[in-house]
Amino acid sequence: MAKAPVLTPRADDFPRWYQDLITKAELADNGPVRGTMVIRPYGYGLWERMQAEMDARIKETGTQNAYFPLLIPQSYLTKEADHVEGFAPELAVVTHGGGKELEEAAVVRPTSEMIINDYFSKWVQSYRDLPLLINQWANVVRWELRPRLFLRTTEFLWQEGHTAHATYEEARDFAAHIHRRVYEDFMVNVLAMDVVPGRKTVKERFAGAVNTLTLEGMMGDGKALQMATSHELGQNFAKAFDTRYLSREGRQELVWQTSWGSTTRMIGALVMMHGDDHGLRVPPRLAQIQAVVLAIKGDEAVLAKVRELGDRLKAAGVRVHVDDRTDTPFGRRAVDWELKGVPVRVEVGPRDLENGTAMLARRIPGGKEPVSLDDLVELLPRVLEEDQALLLEQARERRRSRTAEVSTIDEAVEAATAGGWARIPWSVLGEEGEAKLADHAVTVRCLVAEDGSVPDADDAPGNVAVVARAY
């Protein structure tokens, strides 16, 4: 009998493949309350690497980290009508505490615009207090009816940035800077993800925003996933919370604001964009383990060599793990590391030592080859960079090959339902056409200019709508 595959093949059942990989690569488990998740150490290690890379980029903008409470008085949510309406179906409300009914119910934060703006209104007095640039790493709760690990969970981890500025132009430019220099730079250069930067339509923009900038990625099945968003809030929240500053000219002015966020959804995207039938493929710049050195047998000379290699690679700046668990069969260990997507395996056995070589297994392009032990430390950093670039190019080629240029709504629906994306002139589609797409579970992921840049307005001449089915 043929040996059963470790994972359900993607072509047979993509959702089942995704769930298999999450479980078998030990990324996460379902939590005890429906829609929650337990992030396991290997999965959390990916999030920690994402946090570190993102946090450094965020701080380079002058933004500082802070922390705001999990519970928000319910009365806060009545202050900005569009915002409340957008989140109302997802709210979790606390009515009792300490054995008593609360005088005012508290909402578990679905996002923190409300509570942060309450404090912004206290902290901003003068133009000297601006810009006020705050970020927090936190959890939020949005009651999810159709949960899927990492992609849609009732509780998830994220960062949310909130800023206040003296002028519209400053706020607009800051939101755009976060969009391109923090989010897109991180996703392209660290996650090796091909993303399309664009502008959300009025229907798809964040509740309470005047403009939403997005990054959209094509997953392995051709569906889209919103990766991160940056919002221009205009003065909507400033009016709701009366956040004013004394200008240089001595006038009381309302501030202009932004908010922006990215979540643990990026781990799900990592799986679906880069994973294959053998498991996850982690970009080398992200990987908490870039190379694992495996002892094939418990020979003392082999064990000594893999530990020495581990030390040398670590000294060369490679994030390395030595697997000397020779009481566990080598084949099982190799499959486990393949499932986890570690970019490189260095396998050493008695015969390799005799030949002065190790077997180098590269997860991203696949395949194995013997390499000289003397050359390994110099070779590996170059291999990791080659594989980082290859992963990005593979993602780009998928999107290029599965995106159709269309001129009618019917053609757009056909392309999206066939497992790809479509690009259609916004002047042809418009809001009426967007509503027709929704009848087929197809959405406008973003608007882009003819040259691929982000348009300055929803109705700018030449705008193109990128449409797809999405997670």
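An open sheet holds 3 strands, ordered β4-β6-β5, with antiparallel pairing. Strands pair here if DSSP finds at least two bridges between them. Strands (E, at least two residues) and helices (H or I, at least four) are DSSP runs, numbered from the N terminus. β4 (71-73) and β5 (92-97) stand at the edges with a single partner strand each, so one side of each has no neighbour in the sheet. From one strand to the next, the twist averages 45 degrees. Axes are lines fitted to C-alpha atoms, for helices over the stretch in contact; angles run from 0 to 180 degrees between N-to-C directions.

The model is predicted: local features need pLDDT of at least 70, side-chain atom pairs count only at pLDDT 80 or more, and totals for chains, interfaces and linings use all residues. Residues are numbered from 1 along each chain as its sequence is written, and side-chain values use heavy atoms, with hydrogens and water left out.

Now look at β5 and β6. β6 spans residues 100-108 and runs antiparallel to β5, joined to that strand by 5 bridges. Ala92 has Val108 in β6 as its bridge partner.

Turn to the helices. α1 (residues 14-24) packs against α7 (residues 265-274) at an angle of about 120 degrees, and their axes lie 11 Å apart. That makes α1 oblique to α7; oblique is what remains after roughly parallel (under 35 degrees), roughly antiparallel (over 145) and roughly perpendicular (65 to 115). On the α1 side, Phe14, Trp17, Tyr18, Leu21 and Ile22 meet Gly268, Val271 and Met272 of α7. Contact means heavy atoms within 4.5 Å.
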